[in-house]
Structure formats: C-alpha cells, structure tokens
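Dear colleague,

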Amino acid sequence: MHPIYALWCHPRSMSTAIERVMRERGDLRIVHEPFIYTYYLGDRGRSLPHFEPNADHPQTYVDVRQFIRDQATIGPVFFKDMTYYALENLLADPEFLSDITHTFLVRDPAAAILSYARLDPLFRRDEAGLEASWTLYCKVRDDGHGPLVLSADHVQRRPAEIMSEYWSALGLPDTPHALSWSGKMPGSWEHVAGWHEAVLASRQILPPEHDRDFRSELESLGGDFLDYYHHHRPFYDRLIAEALT
C-alpha cells in the first residue's frame, strides 16, 4: 500500500486551500472530505447547507475507510477532512490510524467560527471542531505516530516557506508551482461547491487580513458563537504550540 496523508481540520480553517495546493502537485491521489457522508447522512439530526450528496459515494465509516485504502493501492493518497466527522470511529480504530501520516490544520477560532456562522448559522458547538482535533491529536501522538501541526496563519504569512517545510516533513519533494492554481472546480468539490467559492476565486493562498478584528465581529453576531469561541480557544492554543514554524 502507498502512503496515506491525512489533513485533519476544523471548518473554515483554510483546509480547502491546502488541499488545492496538494492537488496541484500532481503526484497524489486526492480525496475530498470522504467522512462528511458518515456524519451528515447518519444520525446527526440536521442537514448541512450547500451539501448535495452523491449517491455513489460510500456512506458508512467502514466503507469510507476501505475506499481510502483502495485508493492507496493505486498511488499515494492525500485526503482532508473534519476531525469530528468520524472521531469516535477513529479513536476505536488504531489499525487505520497507524496506516496514516497525520497532520492537523488549525486557524484562530474567532476567524473560523465567524466564517462558519455566516455559511451555516445553525451549526453546533462540537462542529467548531478544535476540541475534536485536539482529542485525535493526543491519540495519534500517544500512539507514537508523530503528528504534524500546520497553522493557517503561518501558511498565509509564508506559504512557500511553510509548505516547503511541510512537504519535507512528509518526505515529498518541494513543488513550488503548486502554490498557484486555475479557477476550474475539481469534480470532487461539486457536492459542496458553495463552501469553496473563495478558494476558486483566489488562485493562491492569500495573506492574512491584519486589519480585521475577528473577535469583535464575532461578538456582534450574538447568539452562542462567542461561547463556542471560549470553549475551543484552549484547544487551539495547545495545537498551535506544536505547529511548524
């Protein structure tokens, strides 16, 4: 079996831009959020805006896991997914976790929650995702799998430098041309196209917005979003302390 590289993330963490870079490399088989089907077509009790399921996609944890492994018999695989989509199953599946090189992507939860709330205002606290990422990070770290952490802010500030360091850590060759891409939508994004318009329009990783006060904007939204921020901020702080610099 060829290597399997996972990018575990939380919503609006810039994960689609990282996936778009990895796709542009041209030497990896890309799988886009395969576990979304196990989460939103299961017993979660609500639908996800801008999600139009493909009936042919595997929908159970076991079938998604097998699909990823099948792809890895053909060539090296990179997939990105929200950690909380399959957290309980992953924690109970050390064999599959041992098949994977794990990376965790994190972004300031004020910015991430603000962005998420504007696309999906009914999302729940656990779906902010950073607690789940910390839980899985601890599991794979304690099992000796050497997880990596990427900071969205670091990548935005120094994309060529951080991605080069990341590729080196994965044992992949440096591929600078992958840092820019066309506006053509990958076919595997069509079922969630509404979530990825900014990446398609940008054509590259954009610098951070230094002049925005995401925390104040989040406060102005009202509701439970500020509580979500306070809950997830400690998990972000623990993960960011481990990030590639």
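A helix crossing is called left-handed if the near helix is turned anticlockwise from the far one by less than a right angle, and right-handed if clockwise. Please bear in mind that this is a predicted model, in which local features need pLDDT of at least 70 and side-chain atom pairs count only at pLDDT 80 or more, while totals for chains, interfaces and linings use all residues. Residues are numbered from 1 along each chain as its sequence is written, and side-chain values use heavy atoms, with hydrogens and water left out.

The crossing of α1 and α9 is right-handed; the axes (lines fitted to C-alpha atoms, for helices over the stretch in contact, with angles from 0 to 180 degrees between N-to-C directions) of α1 (residues 15-25) and α9 (residues 159-170) come within 13 Å and cross at roughly 65 degrees. Helices (H or I, at least four residues) and strands (E, at least two) are DSSP runs, numbered from the N terminus. Where contact means heavy atoms within 4.5 Å, Ile 18, Val 21, Met 22 and Arg 25 of α1 meet Met 163, Tyr 166, Trp 167 and Leu 170 of α9.

Turning to the sheet, five strands form an open, parallel arrangement in the order β2-β3-β1-β4-β5, two strands being paired if DSSP finds at least two bridges between them. Because β2 (29-32) and β5 (148-151) stand at the edges with a single partner strand each, one side of each is left without a neighbour in the sheet. β2 pairs with β3 (residues 77-82) over four bridges in the parallel sense, and Val 31 has Phe 79 in β3 as its bridge partner. Finally, α9 also lies across β1, β3, β4 (100-106) and β5, running at about 170 degrees to β5.

Best regards
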